[in-house]
Amino acid sequence: MNAPRSAEWFFDFVSPFAYLQLEQFGALPPALDVTPRPVVLGALLAHAGQKGPAEIAAKRVFTYRHVLFRAQTLGIALRMPPAHPFNPIRPLRLAIALGGSLDVVRRIFRHIWRDGNDVASPEGFAALCDAMGYADGPKGVEAQSVKDALRRHTEHAIELGVFGVPTFNLGGELFWGEDATGLFLHCLESGDWLDDPEVRRVSRLPVGVQRA
């Protein structure tokens with residue numbers, strides 16, 4: 001695998017792990033151009049026939065404990081918003097309406113996950129718009145062009161095989177999850193790890209049994 005100079009980063013503001021991964025972007029090579037892609041996680045899960053972690057009671061509790069542990073281990077400030085999961089559609093549209101840069105995305109993530117703010121209620125979303133300096137306010141994210149852009153990003157992710165967030169797309173190879181950050185960095189640095197014979201072998205393992 002030749003070392004690409006650019007990567008796509010698929011995220012949804014509902015994911016605390018996407019926030020944690022974004023806070024580690026300082027470890028990425030400066031020459032790597034990362035394009036953030038806001039997507040609707042619920043649509044990815046529905047396409048893959050999966051439940052979200054917060055939809056399984058025991059997994060929900062574990063997930064919140066795990067994300068807090070990861071934040072503490074990494075030294076990243078984290079405060080859960082008042083309720084989770086929440087509807088992320090309007091914050092996702094807001095990121096697009098504001099140009100979708102990494103700086104914009106980071107500021108929204110920090111508003112939610114560092115500062116623990118509500119963005120789901122009308123009042124909470126209006127406060128987010130104010131914090132971001134978005135003059136058009138809550139009505140601005142209802143523009144058809146903004147809705148269409150979010151749909152295109154989500155459809156693009158599904159076409160690539162993205163099944164969760166956060167996910168990096170590096171030259172057609174997908175790296176899912178905050179805990180895959182090290183693997184992503186290793187593949188960036190080595191350039192040929194994915195071509196290792198054992199990696200290629202396990203990537204092509206046949207399915208032994210399928211659930212009825």
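Reader: Is E8 buried or exposed?

Author: This is a predicted model, in which local features need pLDDT of at least 70 and side-chain atom pairs count only at pLDDT 80 or more, while totals for chains, interfaces and linings use all residues. Residues are numbered from 1 along each chain as its sequence is written, and side-chain values use heavy atoms, with hydrogens and water left out. Buried means under 20% relative accessible area, exposed over 50% and partly exposed in between, with a 1.4 Å probe and protein chains only. Since E8 has 12% relative accessibility, E8 counts as buried.

Reader: Which side chain does E8 meet in a salt bridge?

Author: A salt bridge here is a side-chain nitrogen of Lys or Arg within 4 Å of a carboxyl oxygen of Asp or Glu, and the N to O distance for this pair is 2.9 Å. E8 lies in strand 1 and its partner in strand 2, so the pair ties together parts that are 29 residues apart in sequence; helices (H or I, at least four residues) and strands (E, at least two) are DSSP runs, numbered from the N terminus. The partner is partly exposed, with a relative accessible area of 23%, and the residue is R37.

Reader: Within what arc do the buried residues of helix 5 fall?

Author: The buried residues of helix 5 are V104, V105, I108, F109, H111, I112 and W113. The arc is that of the directions from the helix axis to the C-beta atoms. Seen down the axis, these buried residues line one face of helix 5, because they fall within an arc of 165°.

Reader: How many aromatic pairs are there, and is the pair of W9 and F11 stacked or edge-to-face?

Author: Rings of Phe, Tyr and Trp (its six-membered ring) pair if their centres lie within 6.5 Å, and planes under 30 degrees apart count as stacked, over 60 as edge-to-face and the rest as tilted. The count comes to 12 aromatic pairs. For W9 and F11 the centres are 5.2 Å apart and the planes are at 20°, so the pair is stacked.
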